[in-house]
Amino acid sequence: MSQLQALRAALSLHQVATLLQFQPKALSYILYKKPLPTRYTSFNMAKRDGGVRTINAPSPELRLLQHNLSDLLQNCVEEINEGKKWKDQLAHGFKRDCSIITNAVKHRKRRYVFNIDLNDFFGTINFGRVRGFFIKDANFMLHPKVATILAQIACHENVLPQGSPCSPVISNLIGHVLDIHLCKLAASNGCTYSRYADDITFSTSKPDFPESIARRVTGQAHTWEVGGGLQNIVAHTGFSINPKKTRMQYRGSRQVVTGLVVNKKVNIRTEYRRRARSLAHELFKTGTFQHVKTIPDANGVVTPTAVEGTLAQLHGIFGHIDAVDHHNFKIQSKADPREAKIVLRSKEKLYRRFLMFKDFYAASLPVLVCEGKTDNIYLLHAIRSLAAYYPKLATVAANKKITLNIRILKTVKTSTGRVLQLEGGASYLKAFIEQYVSEIHKFKAPGMQAAVVLIVDNDSGADEIYNTIRKLAKIKAPRSDAYVPVAGNLYVVPTPLKAGATKSAIEDCFADEIKNLKLGGKTFNANSDEDTVAYFGKHILSVYIRENASKVDFTGFAGLLDRITAAIEAHQAKQAAVGIASAPAAQP
C-alpha cells in the first residue's frame, strides 16, 4: 500500500502516528497535553522593505513531527503527479527539485516581467481551510478525524505559522487552485506564469502587456496596477494582493525574479557578488567580517545595524552564487561539451578559497579527509565503536551518548567536494595538498588551530601524494611513518601495514569475517565500487557496515586511529609551543 493510500485509509490517531513515524502516545501528548506556551517560540525578523515578520519556531519534538508530515505530504504529491503523468511547473517554492532558479528561468529574455506579492500568505490559510482541503480535495478525501489531526499538527493560533516545516507544502497544496486559474489566465493572454511562495510572476514578449493581468494607471506611463482578471481570481481563491509590491519591469532595465536577474540568463546581481567578495577579503585578512542587518527595536522600528557575521552566513552567500553559476555552467556545457572540461572556473576560485579558510584553516575541530565516501562510513563507525579508548576523537557521556571531537568532511555529491575538487581518490588529494599549501600563505587572519588529516591507502595510489609532499615540504616523508606533517596544520596519515605486507587499504582494518563476507551469494571485491554477478563492491559493504555497526568488530581500526590521534596531538603540541614562544616575558 502506498503512503497516499495508507493516509486515505487511516481512521485513527494511531494510524496517523504510524505514518508519521511517531509513537501514538507521543503524538497525543504533543497535540492535546503539551502546554500551548511551550509549543512555539516567537520572534521577529526584519523584512527588506522595513517591516517585521513574526516567526513561530516549533519546539524540537513538534518540529520533527511537522517535518515528517511535510515528507509524507510531498511523497503523496509525487504519487499523485506520477499517476496523472503531470509535472507541476507552476509553483516552485519549498518543493523537491525546485528553487528560485527554476522559478526565474521561466521568465528569461522577455519584454515585460510583472511581479505581485500576496498579503500574509501563510496567515490567510486557517485551520478550517486546511482541514476542509484534506476532506474535500479529490486527491486526498481523508477521514474527517484524520484531517483534523493533520490540521492540528500544522496550525498555530488558527493559521499556518511561518517557521513550521510543513507550512510550505500545505500552502502549495491549497494554493494549487490559484495556480491553475492564474496559469489559464496567463496562457489565454500569451504570458508565462509561476509562483514562489507568495511571489507571483507573469512575463511576455508581446508588444503590449495584457490589461486583464496588469494595466497602466491613467495618465502615468510607467505606473502599473493589477488588472481586473487577475484581481478577481486572487480574491475568489481566498487570497489578496499587496499593492505596495506590484512592479512592472521592462527589457531595457534590469529584470529581477525571486532575486535573480533574468534579462538574458538567470544571474546573480553584480552588487551581491561584489559584496560577497568584499566580505571574504575582510574575513581572510582579520578573521571576522561585518554586514548590515536591519534589527527591530523594542518599539518595532527597524534600524540598519552593523553586526558581526558568521562563517555559516557567508557560506550561504557563496553557496547561493555557486548554485546559480553551476546551473548556467551545466546549460553551457550541454551546448558546448568543451566547456565541461574546464578544471575550475574563475568564478569558483574565490568560493574555493573561502571553503579552504572555513573548513580547514579556521576549523575549530580536527578535520579528517578520506579518499571516498565509503571510507567516511568505515571511519565514523570505527570511532564510535572505539570511542572510550580515543578521547581525542570522541567523548562518551554518562548516558553513553557519543559526541565526536573531530569532523569527517563530506565531499562526494556536495558542492563543497566539487569546488574543492575532493570527489574521491588519491589524485584529488594530491591536487588538494598543492592548493591548500598555496592558499594558507594568503590568509593573514589567525588560524590553523586544529589539524587537518588526510587519510590515504598505503598503496601505489599514494605514490603521487608522497612525491608531492617531498616536493612541497622538502622532507623525505618515508611511507613507514605513522603520519607526515606537510605544511601548516596539514598532515597525511597512511593506513598501517600488517606484518609482512607491502601495501594496505582501509578495508584491511576489518577482521577477516568482514572481508570474507558473503551477501546474496556474492563475495567482497575491495578493488571495485561496482556490484557484479560474482562480487559486491565497496558501496554495498559500506551499507552493510552502516546497518550492522553494532555487530561489527572494529578493533582492527585501532592502528589507524592511533595514527590519526598521533597527528592531532603533534599539531596540538606544535600550537602550544608557538603559544609559549609568542607569550610576553614575565615581568621581574
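**Exercise 1.** Determine which residues of β17 lie on each side and whether they are buried or exposed.

*Solution.* The structure is a predicted model. Step one: on one side of β17 are V452, L454 and V456, and on the other are V453 and I455. Step two: every one of these residues is buried, and both faces of the strand are therefore covered. Step three: since five of the five residues in 452-456 are buried, strand β17 is largely enclosed by the rest of the structure.

**Exercise 2.** Identify the strands that pair with β17 and state the sense of each pairing.

*Solution.* Step one: strand β13, residues 367-369, runs parallel to β17 and is joined to it by three bridges. Within this pairing, V369 has L454 as its bridge partner. Step two: strand β19, residues 490-494, also pairs with β17 in the parallel sense, over five bridges. Here P494 of β19 stands opposite V456.

**Exercise 3.** Describe the largest nonpolar core and the contacts of F134.

*Solution.* Step one: the largest nonpolar core has 67 residues, of which F134, F140 and L230 touch the most other members. Step two: helix α8, spanning residues 167-188, supplies the largest share of this core, with eight residues. Step three: when neighbours within four places in sequence are set aside, F134 is in contact with L73, F140, M141, L142, A147, L150, I170 and L173. Step four: another core of 55 residues lies apart from the largest one, and its members include V324, F357, V437 and V492.

Notes. Residues are numbered from 1 along each chain as its sequence is written. This is a predicted model: local features need pLDDT of at least 70, side-chain atom pairs count only at pLDDT 80 or more; totals for chains, interfaces and linings use all residues. Side-chain values use heavy atoms; hydrogens and water are left out. Buried means under 20% relative accessible area, exposed over 50%, partly exposed in between (1.4 Å probe, protein chains only). Helices (H or I, at least four residues) and strands (E, at least two) are DSSP runs, numbered from the N terminus. Two strands pair if DSSP finds at least two bridges between them. A nonpolar core is a set of buried Ala, Val, Leu, Ile, Met, Phe, Trp, Tyr and Cys residues joined through side-chain atoms within 4.5 Å. Contact means heavy atoms within 4.5 Å.
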